[in-house]
Amino acid sequence: MGRCMIQEQHKVWCVTVLRNEAVKDLADILIVEDDEGIADLICMNLQGEGYRCVCARDGLEGARLFSEEKFDLALLDIMLPKLDGYALLEYIKPSGIPVIFLTAKGAVEERIRGLKAGADDYLAKPFQVGELLARVEAILRRMGTGAKLLEVGDVSIDAESRQVTRAGSPVTLTAKEFDLLVELVQNKNIALYRQQLYEKVWQEPFLGETRTLDSHIQRLRRKLGWEERIKTIFRIGYRLEG
C-alpha cells in the first residue's frame, strides 16, 4: 500500500495507492474537511481502496449531506466553518455511525475530549494516510460484524456480557484488562501506540509512564496464552496478530 503524508502546511508527498482487493463490501464515507487539498487527497486514497466518498467543506454542509444520504463512517475535522466538529458529532451520534476526528488540534487534552465526546478514533495532523486507511478498515470491520461476539483463535469475547472464554473455559479479567483486550481485538493486525491504547482504555492523558499498560499486557498474555500473539513493537506499542 502506498503512503501519503498530510502536513499542516498543505505540502503533500504521495506515492500511488493500489486498490485493496481484500475489501469485500464497499462503504460510504462522509469527509468533512475545509481544506480542499487535504479532503481531495483523503478521498483519492479511500476511493483507491474501493470506498465511496462524499466531501463537505463546512459543518453545515456536512450536516445537510448526512441528513440526505446514508453513510457508514464519517471523518470530521474539528475546526470547521459554520459548525465545528464537536457540534457536528453531536448531530451524527444518534445515528450510531462511527466517527473519526482528523485535526491539527493534537494536544493530549483535545484527544481525550474528542474520545469522551463520542468519537471512535482520533488522528492528529500530520498523519500517514496509510494509518488512516488501516483505522477506517478496522472500524468498518468491527461495525460490519455487528458484533457482540469477537473471536481470535480459541478465545471468544462477548462484548455485551463482558465474558471471555478460552477453549470453552471462562477467563477472569479485570475491567481494564477486558477493555484493553477488546481494543486490541478490534484493531487486530494494526500496530497501536502505547499512548493511543492508554488514553482509549483509561480515558485520561498519557504522561509517558508505561508500567500500568505494560503490566496489563503481560497479564493478558499470560491469561490467554497469547505470549506470541500480542507482539511488542519497538518504540511504538503493541500489535495483536490474528
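In which helix is lysine 200 found? Lysine 200 is found in helix 7. The model described here is a predicted one.

The relative accessible area of lysine 200 is 23%. Because the partly exposed class begins where the buried class, under 20%, ends, lysine 200 counts as partly exposed.

When neighbours within four places in sequence are left aside, lysine 200 is in contact with Leu115, Asp120 and Glu183.

## The largest pocket

The largest pocket holds about 740 Å³ of space. Its lining comprises 32 residues, and those closest to the pocket centre are Leu123, Glu131, Arg135, Tyr193 and Gln196. Two or more lining residues come from each of helix 4 (108–117), strand 7 (121–124), strand 8 (127–128), helix 5 (129–145) and helix 7 (194–202). Helix 5 makes the greatest contribution to this lining, with 8 residues.

Sorted by class, the lining of the largest pocket contains 13 nonpolar, 13 charged and 6 polar residues.

## Aspartate 121

Strand 7, one of the elements that contribute to the pocket lining, includes aspartate 121. Aspartate 121 has a relative accessibility of 8% and therefore counts as buried, the limit for that class being under 20%.

The side chain of aspartate 121 forms a polar contact with the side chain of arginine 135, at 2.9 Å. Arg135 is also one of the residues closest to the centre of the largest pocket. With neighbours within four places in sequence excluded, the residues in contact with aspartate 121 are Val99, Ile100, Phe101, Leu115, Arg135, Ile139 and Gln196. Among them, Gln196 likewise belongs to the residues closest to the pocket centre. Leu115 is in contact with aspartate 121 and also with lysine 200.

## Alanine 159

Alanine 159 is located in the loop between strand 10 (155–158) and strand 11 (163–166). With a relative accessible area of 34%, alanine 159 is partly exposed.

Alanine 159 and valine 182 are 23 residues apart along the chain, and a distance of 7.8 Å separates their C-alpha atoms.

Methods:
Residues numbered from 1 in each chain as written. Predicted model: local features only at pLDDT ≥ 70, side-chain atom pairs only at ≥ 80, totals over all residues. Heavy atoms only, no water. 1 Å grid on protein atoms, 1.4 Å probe; cavity = no way out; pocket = protein on both sides within 12 Å on 5 of 7 lines; lining within 4 Å. Points joined across faces, edges and corners; volume = space filled by probe spheres on them. Helix = DSSP H or I, 4+ residues; strand = E, 2+ residues; numbered from the N terminus. Nonpolar A, V, L, I, M, F, W, Y, C, P; charged D, E, K, R; others polar. Buried < 20%, exposed > 50% of the residue type's maximum accessible area, 1.4 Å probe, protein only. Polar contact = N/O pair within 3.5 Å; in protein donor to acceptor, adjacent residues only side chain to side chain. Contact = heavy atoms within 4.5 Å.
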